[in-house]
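Here are my notes on this model, point by point. Please read them with the structure open.

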Amino acid sequence: MRTVIIGCGRTGAVLAETFESLGHEVTVLDTNTRAFDRLPSSFRGGTVRGDGTDEDVLRRAGVTDADLLLALTEGDNRNIMAGQLATEVLGVKRVIVKVNDPVRADAYAALGVATICRTNLMEDAILTFIGEPARHLTGVRAPTGTHPGGDHHETGATAPTTEA
Amino acid sequence: MFVIVVGGGKVGYYLTKELIESGHEVVLMEKDRGRADQITDEIGSVVIPHDGCEGAYLAEAGASRADIVAAVTGDDEDNLVICQMAKHHFDVPRTIARVNNPKNEELFRHLGVDEINSPTRMILASIEQDIPVHELLHLAALGEGELEIIEAHLQEGSPAIGRASGDLAIPEGCSLFAVIREGSAVPLRADTVLEDGDKVIAIGRADCEAQLKAQLIGEPSEDVVGI
C-alpha cells in the first residue's frame, strides 16, 4: 500500500507513523519543512515540501501511484481541493479529506468525497462519554453522491483500511 | 441581475463597484472585518463581513436567489469551494471563478464551475505572442475553452516545410485554416505548399496540441532554449 498524507500536523504525523508500522509506504507533504520535526526519528518514509493543492507537487509526491490519500491540513478548502485533484486528475481510488465545517463535510460527502469532520467527532466523543447517544453515525462520511469522476471511487465502507 | 461577489481584494472591490454603477444588485462577501468595514465606508452597505465558503453565510447573502456567484479571492481552493457550494447547494445558475494556477482550469471546469478566468493565463498568452519560441502560440480560447486558436511559426527544422498542407497528418478535431505569409493572410487549401517563415493558424482541441506540434514545429534544434 502506498499512502500519501498532506499536512504534517499532529494528526498527520501520528498517522504517518501508524501507517508505516502497518507496512505502508508513506509520503508526507507539508508547506513547512519544520513540520516534519513531528515525525519520529524512526520514520523511513518520504517527506515532500510543497502545496498539496498544486498538481505538480502532488505528482512529485508520487500521488499518481498512491492507494490512499489523506488531506489533513488545517484548511478545509485546501483539503477539499487536494482531495478532488487526487481523485479527478490523478486517479487515486481512495481519498479521505478533513473538513472541520460540518456543512461542508456533508456537502462534499454528497458530492462524492469521503470527509472526516473533527467538530462532529469531538461532539460525539463528548456526548458518548457523558452517556448521551452520539449524533453522527460514522467517523468518516462515506461519499454518497456522484462525483464527476465517481465511477472509479471505492468507498471506505466496503473495504476496511486496517487488517493488521 | 443579482450578483454575489466573494473576495474583497482589488478584483472584488472594483468588480463590485462597476457592477453597482451598471445598475446590478450586488452583495460582496469579505471575511476580513477590517477590510469589509473599509469597503463599506467607500461604497456603501453591500458588504457581508463573513466567509463566503461557509454555507450559512452564503445563505445569508441570498445565494438561493443569486443569478451569478463570482469567486475572486486570491486562493484557488477557496474559489473552487465557493463555486461548488453555490452550484450544488444553492443551485446558482452561473458560477465564475478566478484561477491563479492555470493548471487548475481543467479541474475547475470538470467539477462544474461555469466560467473560469485566469489572469496568469492571459498575461502568459500576451507574452507568448511577443516572444518567438519553438512552440505553438495560443492566440485565443473559443467557447468554453475546449477549443483554441493556435499559431505555428514554421522555421528551419519544421517537417511541414515544402509539403502540401493536405499531406500533413493533422489530428482529428483540429483544422488548419489560414497561413500568414509576408504579412498577408492566405486561405489554406489542401494543395498549398508550406514555406519557411509561414505562420499557420489552426483551430483545435487542447489535447491535439502535441500531435499538431510534431507536424508543424518538429523537434527544437539544439541551440534553441525554450521557455
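**Notes on the two chains**

1. Start with the pairing of two strands in chain B. Strand β1 (residues 2–6) of chain B runs parallel to strand β2 (residues 25–29) of chain B, and the two pair over five bridges. Strands count as paired if DSSP finds at least two bridges between them. Val3(B) has Val26(B) as its bridge partner in β2(B).

2. A word on the basis. This is a predicted model, where local features need pLDDT of at least 70, side-chain atom pairs count only at pLDDT 80 or more, and totals for chains, interfaces and linings use all residues. Residues are numbered from 1 along each chain as its sequence is written, while chains are lettered from A and ligands numbered from 1 in the order in which they are written. Helices (H or I, at least four residues) and strands (E, at least two) are DSSP runs, numbered from the N terminus.

3. The sheet. In chain B, six strands make an open sheet with parallel pairing, ordered β3-β2-β1-β4-β5-β6. The edges are β3 (47–48) and β6 (115–117) of chain B; each has a single partner strand, so one side of each lacks a neighbour in the sheet.

4. Helix α1 (residues 10–21) of chain B lies across β1, β2, β4 (68–71) and β5 (94–98) of chain B. Its angle to β2(B) is about 165°. Axes are lines fitted to C-alpha atoms, for helices over the stretch in contact, with angles from 0 to 180 degrees between N-to-C directions.

5. The interface. Contact (C-beta atoms, placed from the backbone, within 7 Å) links 17 residues of chain A with 18 residues of chain B. On the chain A side, α3 (76–89) and α4 (102–110) each supply at least two residues. The most come from α3(A), with eight residues.

6. Helix α4 of chain A. Its buried residues (20 or more other C-beta atoms within 10 Å of their own) are Arg104(A), Ala105(A), Ala107(A), Tyr108(A) and Ala109(A). What do the buried residues of α4(A) pack against? They pack against α3, β6 (114–116) and β7 (140–141) of chain A, together with α3 (55–60) and α4 (76–90) of chain B. Just after α4(A), Gly112(A) has a positive phi of about 95°.

7. Chain B overall. Chain B has seven helices and 11 strands. Its C-alpha atoms fill a box of roughly 65 × 30 × 30 Å along the principal axes. Buried residues are 33% of its 227 residues.

Conventions: Two residues are in contact if their C-beta atoms, placed from the backbone, lie within 7 Å. A residue is buried if 20 or more other C-beta atoms lie within 10 Å of its own, exposed if 12 or fewer, and partly exposed in between; C-beta atoms are placed from the backbone.
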